[in-house]
Amino acid sequence: MNSITLKKRDLLSLMDLDLSEIQRLFTRASELKESLARGDTTRTLEGRTLGMLFEKPSTRTRVSFEVGMYQLGGHALFLSSKEIQLGRGETISDSARVLSRYLDALMIRTFAHENAVTLARFATVPVINGLSDHFHPCQILTDIFTYQEKRGSLEGRKVAFVGDGNNMAHSWILASVKMGCHLTLACPINYDPDPVVLSMAQGQTKTTGIGSISLTRDPREAVADADLVVTDTWISMGQEQERQRRLRAFAGFQVDRTLMRLAKKDVLFMHCLPAHRDEEVSSEVLDGEHSVVWDEAENRLHVQKAILEWLILRRF
């Protein structure tokens, strides 16, 4: 094994991977998915342990990582910030140093993205951003993987993101840079994506001539002739006190059957879940013929297993 393969890698955002690495991850995720379906056993992470730091509650992130490690022969430790020293004054840098002595990798689900950055900076084991307020790399990789499963490459396709300019919007902005798709974001006034992320990505697409990113206030403009329509909750964890203000701001941004009729006939609909039915998406769309949200949720497991192998075994 050479020095390049021994170097520690982290996954904090989609910018930590190049296109060839993304495709290799997807190839491995497909192999692992097919292997599991056949009933074959894959024990590539036997004896390895993942520490999972949670500042936010979770269903899909916790279960998919925990089951993924189990299926690969390893073990996952659930570490709530309320139950370890991280929640009682120990710095993230000190926790990173200590936990690196016990574990083979760390996953953090946190509010401030800077927490994930600091953890990665001081940890000597790979760090995975399981979600931060700025990026959600595991979810966006799963979304791209799911689209490729159903329709092939995203390059040149039109993607409509309708709703809050949040971590999923930021992740789709980076995806347009990496995958060469044409992204149109429809966001209400005062709920735009981070201008730094937006301008950086727009600058890259102009330089490379691959993909594009635009912003509109009109969901109909975003969805018109789209190959893929994506939305996310209007009220994320920690924003509950803003509920009434947000409901007023996002009025008219619900993805419903009328809006979906403006997209292409074979359009797909995605949502990272949990969905607030009949708020950001109508039940008839969520449960409808274009929705792939349940396959999307399942694929978290397969894609994350590929991510865990990549980082822990340092295969790339």
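Helix H7 gives the largest share of the lining of the largest pocket, three residues; helices here are DSSP runs of H or I of at least four residues, numbered from the N terminus. The model is predicted, so local features need pLDDT of at least 70 and side-chain atom pairs count only at pLDDT 80 or more, while totals for chains, interfaces and linings use all residues. Residues are numbered from 1 along each chain as its sequence is written, and side-chain values use heavy atoms, with hydrogens and water left out.

Helix H3 (60–71) and helix H7 (167–179) each supply at least two residues of this lining. A pocket is an open set of points on a 1 Å grid over the protein atoms alone, where a 1.4 Å probe fits, with protein on both sides within 12 Å along at least five of seven lines; lining residues have an atom within 4 Å of a point. The largest pocket has a volume of about 620 Å³, a volume being the space filled by probe spheres set on the points, which are joined across faces, edges and corners. Its lining has 35 residues, and Lys56, Asn167, Thr233, Ser236 and Met237 lie nearest the centre. By class there are 10 nonpolar, 15 polar and 10 charged residues; Ala, Val, Leu, Ile, Met, Phe, Trp, Tyr, Cys and Pro count as nonpolar, Asp, Glu, Lys and Arg as charged, and the others, Gly among them, as polar.

Asparagine 167 belongs to helix H7. Asparagine 167 counts as buried because its relative accessible area is 8%, the limit for buried being under 20% with a 1.4 Å probe and protein chains only. A polar atom of its side chain lies 2.8 Å from the backbone oxygen of serine 132. Leaving aside neighbours within four places in sequence, asparagine 167 is in contact (heavy atoms within 4.5 Å) with residues including Ser132, Asp133, His134 and Asp232.

The second largest pocket has a volume of about 220 Å³. Of its 13 lining residues, Arg257, Met260, Arg261, Glu289 and His290 are the closest to its centre. Helix H11 (257–260) and helix H12 (283–286) each supply at least two residues of that lining.

Elsewhere, the largest nonpolar core has 59 residues, of which Leu141, Trp172, Leu185 and Ile307 touch the most other members. Such a core is a set of buried Ala, Val, Leu, Ile, Met, Phe, Trp, Tyr and Cys residues joined through side-chain atoms within 4.5 Å.

Conventions: Buried < 20%, exposed > 50% of the residue type's maximum accessible area, 1.4 Å probe, protein only. Polar contact = N/O pair within 3.5 Å; in protein donor to acceptor, adjacent residues only side chain to side chain.
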